Amino acid sequence: MTGPARVLFVGGLGRSGSTLLELILAQHPDVCAVGEVVHLWERALGGDERCGCGERFTACDFWQRVGDHAFGGWDAVDRDEVLALKAEVDRTRHIPQLARGDLPAEQLAAVRRYADLYARIYRAATEVTGAEVVVDSSKHASLAFALRWAPDLDLRVVHLVRDSRAVAYSWAKQVRRPEVVDSEAYMPTFSPFTVSGLWTAQNAAFHLLAARVPVVRLRYEDFTADPRGTVARVRRFAGLADTADALRVLDEPPVPLVRAHSIAGNPLRFSAGPLRVRQDNAWRENLPTRSRAVVSAATLPLRLRYGYLGGGRTNSTEAS
């Protein structure tokens, strides 16, 4: 390919629908969805976890070809060195510095070394698949800020927002991680107070990022209410052509899903479909009163900004 690699980065806090959005976008060959690449170093290279296609990372032809194109093979990547660089660069506390118009030379060099690892993966994914756009649903604002310093990326960001009370309810549930093969593992759970802090910090960071790169804000509730219109809007934002084929997965009767080669994410990514979108207001009835009060108060400013008033409304999806 020539020119910068075009990347659609889905940002926000987890349990906001990023896996669903990525999965729908991946149904057309002009999009290559790679999941949460921020976790590749620990979970794929370190744990040989299952790709969204169902194969373990080392057995997935797509990822092995990406490694060959990007680095001359994954064996050439010093994972410990990458993790050390990640710890140095990719932290929420570094966002104020990464948001600046310039950086000290030493810090800039480290940030660009880190961002280049991702740029190589994105470019390799387009070379392997022929896709026009790579979707990375890593969500972490600190990674998005680091990527903005990569000189050879066309970075566009979807800021995905969901009602903080629905997010808190989701993070309190125990969810098994089917990508872990050799043991039984679960996604972490967080208290309502912790979720409130994370929700506020992550969403506020993407407001700051919008001053530096193209960002479009998307409410998960609006997405689930009008998935066809939302996906068409996101595709236009990514610079992709309007085509009915890109929305066939939302037709009736539903068609089988094409699995994405995704790293980490919601277990939905392992579904063979077909995909159906439905409303789910379970949090309204099941979120404990005390938890609701904590989250409502702690996230009030941004909740009001996003239009989450009173009892709020929420939707979710399922694949069946």
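Strand β2 and strand β3, the latter covering residues 133-139, pair in the parallel sense over four bridges. Two strands count as paired if DSSP finds at least two bridges between them. Within this pairing, V31 stands opposite V133 in β3.

Before I continue, a word on the source. This is a predicted model, in which local features need pLDDT of at least 70 and side-chain atom pairs count only at pLDDT 80 or more, while totals for chains, interfaces and linings use all residues. Residues are numbered from 1 along each chain as its sequence is written, and side-chain values use heavy atoms, with hydrogens and water left out.

The pLDDT, the predictor's confidence in each residue from 0 to 100, has a mean of 93 for the protein, and 96% of the residues reach 70 or more. Over residues 312-320, however, pLDDT stays under 50. Where pLDDT is low, the predicted coordinates should not be read in detail.

I return to the sheet. It is open, has five strands in the order β2-β3-β1-β4-β5, and its pairing is parallel. Its edge strands are β2 (31-35) and β5 (215-219), each of which pairs on one side only. On average, neighbouring strands are turned by 25 degrees against each other, direction ignored. Strands here are DSSP runs of E with at least two residues, and helices are runs of H or I with at least four, numbered from the N terminus.

Which helices lie across these strands? Helix α1 (residues 18-25) lies across β1 (5-11), β2, β3, β4 (153-161) and β5, and runs at about 170 degrees to β3. Helix α11 lies across β1, β2, β4 and β5, at about 170 degrees to β5. Such angles run from 0 to 180 degrees between N-to-C directions, with axes fitted to C-alpha atoms, for helices over the stretch in contact; contact means heavy atoms within 4.5 Å.

Is A244 buried or exposed? A244 is exposed, because its relative accessible area is 61%; the cut-offs are under 20% for buried and over 50% for exposed, with partly exposed in between (1.4 Å probe, protein chains only).

Finally, the aromatic residues. Ring pairs link F57, F62, W63, F71 and W74 into a cluster. Rings of Phe, Tyr and Trp (its six-membered ring) pair if their centres lie within 6.5 Å; planes under 30 degrees apart count as stacked, over 60 as edge-to-face and the rest as tilted. F71 counts as buried at 15% relative accessibility, and W74 is buried at 8%.
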